[in-house]
Amino acid sequence: MIKGRIAAIESTLERARKIPSDRKAELLKLVAELKSEVGKLAETHHDQASRITRFADASTHEAARAEKNTQLEDTALHGLRLSIAGLEASHPKIVAIVGRFATAFSNMGI
């Protein structure tokens, strides 16, 4: 399920016409990092890893939409940020990656 969701995120980003190519490359790099770290997290905290990928997928989906829905974008990003709550001490790398992912979307006006 987690691997499938990561693949969906990559696919959404690759197809997204709304996202500038430089931003898209940055996000795809972050997804590759996220894939590695979420795999490690899933070994001990499967529910949290699944939650992170669900919100990353939702955030990506909203960023790629042709028609903006600010409320859905805000909700997805808020959920993404909340999905890493409590992991700062045990998994700082995934927290940093998700933070950069959310910041990249925020910088795009999402």
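Mentor: Keep in mind that this is a predicted model. Start with helix H2, residues 21-44: its 24 residues reach 35 Å from the first C-alpha to the last, close to the 34 Å expected at 1.5 Å a residue.

Trainee: Which residues of H2 are buried?
Mentor: Lys24, Leu27, Leu30, Val31, Leu34, Glu37, Val38, Leu41 and Ala42.

Trainee: And what covers them?
Mentor: The cover includes helix H1 (2-15), H3 and H5.

Trainee: Switching to H4. How many residues has it got?
Mentor: H4 has 14, residues 70-83, and spans 20 Å between its end C-alphas, close to the 20 Å expected.

Trainee: Which of those are buried?
Mentor: Glu73, Ala76, Leu77, Gly79, Leu80 and Ser83. They sit on the same side of H4, because they cover an arc of only 160° around the axis.

Trainee: What does that buried set pack against?
Mentor: Helix H3 (46-64) and helix H5 (92-107).

Trainee: What caps the N-terminal end of H4?
Mentor: Asn69 does, with a side-chain oxygen 3.2 Å from the backbone nitrogen of Gln71.

Trainee: Now the core. Which residues touch the most other members of the largest nonpolar one?
Mentor: Leu34, Ile52, Ile94 and Phe101, out of 30 residues. H1, H2, H3, H4 and H5 each supply at least two residues of this core. The largest share, eight residues, comes from H5.

Trainee: What does Phe101 touch?
Mentor: Leaving out residues up to four places away in sequence, Phe101 touches Ile9, Leu27, Leu30, Val31, Ala56, Thr60 and Leu80. Among these, Leu27, Leu30 and Val31 are buried residues of H2, and Leu80 is a buried residue of H4.

Terms used: Residues numbered from 1 in each chain as written. Predicted model: local features only at pLDDT ≥ 70, side-chain atom pairs only at ≥ 80, totals over all residues. Heavy atoms only, no water. Helix = DSSP H or I, 4+ residues; strand = E, 2+ residues; numbered from the N terminus. Expected span 1.5 Å × (residues − 1). Buried < 20%, exposed > 50% of the residue type's maximum accessible area, 1.4 Å probe, protein only. Arc of directions from axis to C-beta. Contact = heavy atoms within 4.5 Å. Polar contact = N/O pair within 3.5 Å; in protein donor to acceptor, adjacent residues only side chain to side chain. Core = buried A, V, L, I, M, F, W, Y, C linked by side-chain atoms within 4.5 Å.
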